Amino acid sequence: MALRLSELAGRLGMRLRGEDREFSGLQTLEEAGESDVSFLSNPRYAPFLAGTKACAVIIAEEFAHMARTALISANPYLDFARAASFFVRKPEPFTGVSELAVVHPTAEVGKGCAIHPHAHVGARSSLSPGCVLYPGVYVGEDCAIGPDCVLYPNAVILAGVTLGAACVINAGAVIGTEGFGFVRADGAMRKIPQIGTVVLADGVDIGANTCVDRSTLGATRIGKESKLDNLVQIGHNVSLGEHCLIISQVGIAGSTKVGDRVTMAGQAGIAGHLSIGDDVTVGPQAGVPKDIPQGVSGSGSPFMESGTFMRAAVLLPKLPELDKRIRRLEKKLAGMEQLLARFPDTAPTSDEETP
Amino acid sequence: MALRLSELAGRLGMRLRGEDREFSGLQTLEEAGESDVSFLSNPRYAPFLAGTKACAVIIAEEFAHMARTALISANPYLDFARAASFFVRKPEPFTGVSELAVVHPTAEVGKGCAIHPHAHVGARSSLSPGCVLYPGVYVGEDCAIGPDCVLYPNAVILAGVTLGAACVINAGAVIGTEGFGFVRADGAMRKIPQIGTVVLADGVDIGANTCVDRSTLGATRIGKESKLDNLVQIGHNVSLGEHCLIISQVGIAGSTKVGDRVTMAGQAGIAGHLSIGDDVTVGPQAGVPKDIPQGVSGSGSPFMESGTFMRAAVLLPKLPELDKRIRRLEKKLAGMEQLLARFPDTAPTSDEETP
Amino acid sequence: MALRLSELAGRLGMRLRGEDREFSGLQTLEEAGESDVSFLSNPRYAPFLAGTKACAVIIAEEFAHMARTALISANPYLDFARAASFFVRKPEPFTGVSELAVVHPTAEVGKGCAIHPHAHVGARSSLSPGCVLYPGVYVGEDCAIGPDCVLYPNAVILAGVTLGAACVINAGAVIGTEGFGFVRADGAMRKIPQIGTVVLADGVDIGANTCVDRSTLGATRIGKESKLDNLVQIGHNVSLGEHCLIISQVGIAGSTKVGDRVTMAGQAGIAGHLSIGDDVTVGPQAGVPKDIPQGVSGSGSPFMESGTFMRAAVLLPKLPELDKRIRRLEKKLAGMEQLLARFPDTAPTSDEETP
């Protein structure tokens with residue numbers, strides 16, 4: 001695809017300063033060729049402006065003088081994202097139901113859906129208009145899939161699950177698998193039937209190979225516009241709020257309630273039956289054993305507020321040194337005690353711990 | 001489905017106190033409607049008894065007076081689980097081999113098996129009676145699948161693997177993938193062929209997208225009734241005992257031997273070539289670098305016994321404070337040393353560390 | 001399969017000492033039967049030599065006297081690996097394109113490829129000679145797959161991805177899923193289109209259910225002969241060098257650059273936008289928040305060099321004891337202060353912290 005700089009500027013409301021020309025792609029400052037547009041959002045990349053081959057740079061007013069040709073933007077990162085949307089690959093056009101797909105006669109398929117070969121739709125399930133089911137997708141019985149959902153190859157939606165509008169389920173994700181409910185009774189393991197379901201609100205993204213368990217009772221819920229990365233585990237009966245960002249390999253254990261606009265960084269683990277407030281930020285690899293009130297940012301295992309975490313993290317590698325300093329103090333103090341013992345008037349200080 | 005309270009009581013050996021009526025579902029105390037039965041197992045939820053809309057509550061004798069209508073049970077949680085089993089959704093009845101499945105002519109398929117469209121069974125594999133293979137399931141060559149196993153959509157059983165009776169393989173799980181065996185030789189990476197297999201005993205559950213590696217030699221083994229949650233990694237040559245509970249995102253590295261009735265909480269990691277005794281409990285995110293003797297409970301990275309862990313975990317966020325206290329001691333001591341130096345009789349205490 | 005010991009020795013350049021005979025498999029010293037060959041590589045297993053039933057042992061000269069029948073080798077582990085390659089199961093011979101596969105008319109399929117039932121190849125993609133696509137594999141549009149690649153069941157290669165020669169993609173792995181790019185703007189979540197791709201060099205192995213994200217711009221790259229284990233997450237725009245070993249459940253966040261011959265142990269997490277030098281080793285569960293220079297080995301969260309980590313890890317469980325020792329010092333010092341206060345000439349030492 002080729003566009004003129006002036007055309008891009010016009011579409012996105014940016015101001016072109018410099019020569020107009022055609023360009024054909026987007027790239028970072030460092031890797032751009034002469035037919036690429038680039039962008040500057042993080043000032044730490046400003047040193048690359050001098051050497052870039054990009055034919056133009058999406059850039060804020062204050063830095064624009066540093067670019068040969070500038071596309072001046074109030075929010076360069078957002079305008080880069082909007083520009084990128086013009087370069088998204090369009091898949092081969094296909095709608096309708098492939099002859100090689102298996103759609104139960106009682107299932108409903110809305111207008112403009114694309115059901116690729118080897119996809120499955122179970123009895124009594126409904127697909128609203130505009131859904132795309134790539135090959136190998138499984139939608140079980142009694143599911144309700146909202147309009148314009150995209151289910152990538154080999155994604156699995158088990159029976160009874162509900163998806164809102166415009167959800168994206170990436171490849172290999174599994175929604176509605178049985179919650180891990182077992183009780184040890186009489187020395188044996190007894191399964192607790194998981195008779196609930198999963199409900200995803202509108203605009204939810206589920207990453208590749210991520211798992212969302214069905215609830216024991218009621219529903220596991222993911223709120224509007226929440227985005228889950230790859231390989232995330234959401235336990236049964238979890239309730240996740242709106243506009244959350246859950247990064248890769250995070251695990252949230254059963255029955256925990258998470259508020260809105262919460263961010264959890266990679267590999268964090270949240271124990272079960274907790275309450276995590278709105279606008280909380282949990283750092284990478286954090287281990288959260290207790291409720292977190294609204295607005296708190298923190299990290300660490302166990303989870304601590306950010307300030308505490310930063311100070312504690314710095315001291316962890318210094319533990320050997322702390323130990324050494326304590327030993328030195330003990331030695332000195334013992335020396336002083338010996339010294340003081342020589343004075344007539346002094347009683348020995350006790351070595352006993354007060355309980 | 002609708003049942004009468006008296007009928008439920010009769011089937012499970014509970015005692016009904018209050019008015020008999022029909023009900024149609026199970027719910028938590030908080031979310032129950034008027035046609036739901038609920039339960040009280042954890043006393044911390046007792047405050048919800050007053051406000052619940054549930055038409056009856058499965059409850060222990062001692063709390064029964066707090067419920068309008070009580071189903072009195074010796075073990076409310078277990079009876080709830082048993083009640084839930086009446087409400088498990090029944091999938092569309094289907095047995096036989098779909099015309100759209102691919103079953104090798106040399107494979108044996110037992111009576112009452114259901115092989116859904118786009119499932120695969122390789123050469124010389126045998127499925128015992130009553131197995132269900134959902135769409136997209138792959139069973140490789142020379143596998144032996146015990147009776148009444150359920151393989152959910154897109155589960156993969158690679159060549160030569162053995163499953164006992166009544167195993168459940170959840171969606172996207174992979175059993176028998178090549179162990180991660182490489183040796184750096186002459187600056188290159190050389191693969192060590194993994195010529196072993198995987199053997200699951202009776203009643204094993206494998207979670208969604210969980211991976212169990214085939215062994216280098218012999219077999220990777222999972223013992224009777226052991227339950228693995230989603231996204232778990234079991235390395236090659238691991239041997240896991242009976243009745244274990246392995247929670248989501250746990251990783252067990254190669255050749256480690258785990259005893260019976262072991263519980264590992266979410267995201268714990270166990271190094272390779274270890275021996276973990278019977279009845280061990282490993283906490284969430286624990287990192288286990290050494291053998292654990294029988295019966296020990298613990299957590300932390302590195303793993304410590306529970307008591308130690310609890311005390312150490314409390315002190316981690318206090319590291320900055322410990323550091324401050326040491327600095328204060330150092331300062332005071334320096335002051336005292338100066339002071340004592342004024343006394344004629346005192347030799348300076350050494351600042352040197354004994355080696 | 002059966003081989004004579006002399007034949008094995010001949011093929012691998014080992015020297016047979018003891019009686020020649022036929023054998024039929026390979027096993028560990030402990031589990032070998034009379035028709036198995038075993039090996040001794042790690043001297044810690046030498047005690048098993050006495051009791052093994054193996055008919056011969058691949059072994060170094062210096063230990064050979066301890067084996068009844070020895071296959072004397074300069075590198076017993078490597079020769080074991082080479083011997084194992086003779087015992088790798090050969091899958092049912094199959095080449096060609098199954099009638100039940102879906103290959104777009106514009107796709108190119110090289111000589112000797114095997115495309116199993118229910119595999120997919122999208123428009124304009126090319127498979128070089130000798131590739132195997134197992135059932136349920138999805139290769140999207142515009143992909144380029146090098147010669148002799150093996151894609152195990154249900155592996156997913158999304159549009160535009162490039163694989164070098166002899167790559168192995170294990171079951172359920174997903175290559176080229178959308179990078180997790182979102183920006184919070186005006187209180188809403190806006191997706192950043194990921195218009196880049198993924199490029200795997202020759203000889204790359206990707207573990208089961210591992211995810212490699214496509215880049216925002218340019219390509220996410222995995223270098224020659226690098227091996228990734230199961231359930232690994234590689235973020236968008238990551239660049240991984242050659243001959244790396246990335247163990248199970250590791251996560252590498254977006255835009256991080258990793259050098260050659262790097263090893264990352266299980267569950268380690270690497271933050272985004274970092275630079276990790278050549279020949280670095282990262283321990284299990286390590287959390288890496290900063291660049292690591294070339295050649296460093298370390299572990300811990302936050303990451304520390306190995307020596308520091310070992311000393312710090314030992315002290316973690318001793319935190320309660322350190323705390324006690326500090327309290328004891330404080331108490332003693334307070335006692336001494338009281339004592340010294342009795343002397344006329346002494347001013348009180350300050351309890352105040354210098355800022």
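Which residues of strand β27 (residues 219-222) of chain B are buried on one side, and which on the other? B:A219 and B:R221 are buried on one side of the strand, and B:T220 and B:I222 are buried on the other. A residue is called buried if 20 or more other C-beta atoms lie within 10 Å of its own, exposed if 12 or fewer do, and partly exposed in between, with C-beta atoms placed from the backbone.

The model is predicted: local features need pLDDT of at least 70 and side-chain atom pairs count only at pLDDT 80 or more, whereas totals for chains, interfaces and linings use all residues. Residues are numbered from 1 along each chain as its sequence is written, while chains are lettered from A and ligands numbered from 1 in the order in which they are written.

- Strands (E, at least two residues) and helices (H or I, at least four residues) are DSSP runs, numbered from the N terminus.
- Two strands pair if DSSP finds at least two bridges between them.
- Strand β24 (residues 197-200) of chain B pairs with β27(B) in the parallel sense, over four bridges; here B:V199 stands opposite B:R221.
- Strand β30 (residues 239-240) of chain B also runs parallel to β27(B) and is joined to it by two bridges, with B:R221 opposite B:S239.

**A buried valine in chain A**

- A:V103 lies in strand β9 (residues 102-103) of chain A.
- A:V103 counts as buried because it has 21 C-beta neighbours inside 10 Å.
- Two residues are in contact if their C-beta atoms, placed from the backbone, lie within 7 Å.
- Apart from neighbours within four places in sequence, A:V103 is in contact with A:V97, A:V109, A:I115 and A:V121.

**How the copies are related**

- Chain B can be laid on chain A with an RMSD of 0.1 Å by a turn of 120° and a shift of 0.0 Å along the axis; the two copies are therefore related as by a three-fold rotation axis.
- Such copies are superposed by least squares on the C-alpha atoms of residues with pLDDT of at least 70 in both.
- Only 19% of the interface residues of chain B are also interface residues in chain A, so the copies meet through different surfaces.

**The contact between chains B and A**

- Chain B contributes 58 residues to this contact, and chain A contributes 55 residues.
- On the side of chain B that touches chain A, α2 (76-85) and α4 (319-341) of chain B each supply at least two residues, and α4(B) has the largest share, 10 residues.
- That side of chain B consists of 29 nonpolar, 19 polar and 10 charged residues.
- Ala, Val, Leu, Ile, Met, Phe, Trp, Tyr, Cys and Pro count as nonpolar, Asp, Glu, Lys and Arg as charged, and the others, Gly among them, as polar.

**Two helices from chains A and C**

- The axes of helix α4 (residues 319-341) of chain A and helix α3 (residues 306-315) of chain C come within 8 Å and cross at roughly 60°, which makes α4(A) oblique to α3(C).
- Angles under 35 degrees count as roughly parallel, over 145 as roughly antiparallel, 65 to 115 as roughly perpendicular and the rest as oblique.
- Axes are lines fitted to C-alpha atoms, for helices over the stretch in contact, and angles run from 0 to 180 degrees between N-to-C directions.
- A:L319, A:P320 and A:D323 in α4(A) meet C:R311, C:A312 and C:L315 in α3(C).
- This helix contact has four nonpolar, no polar and two charged residues.
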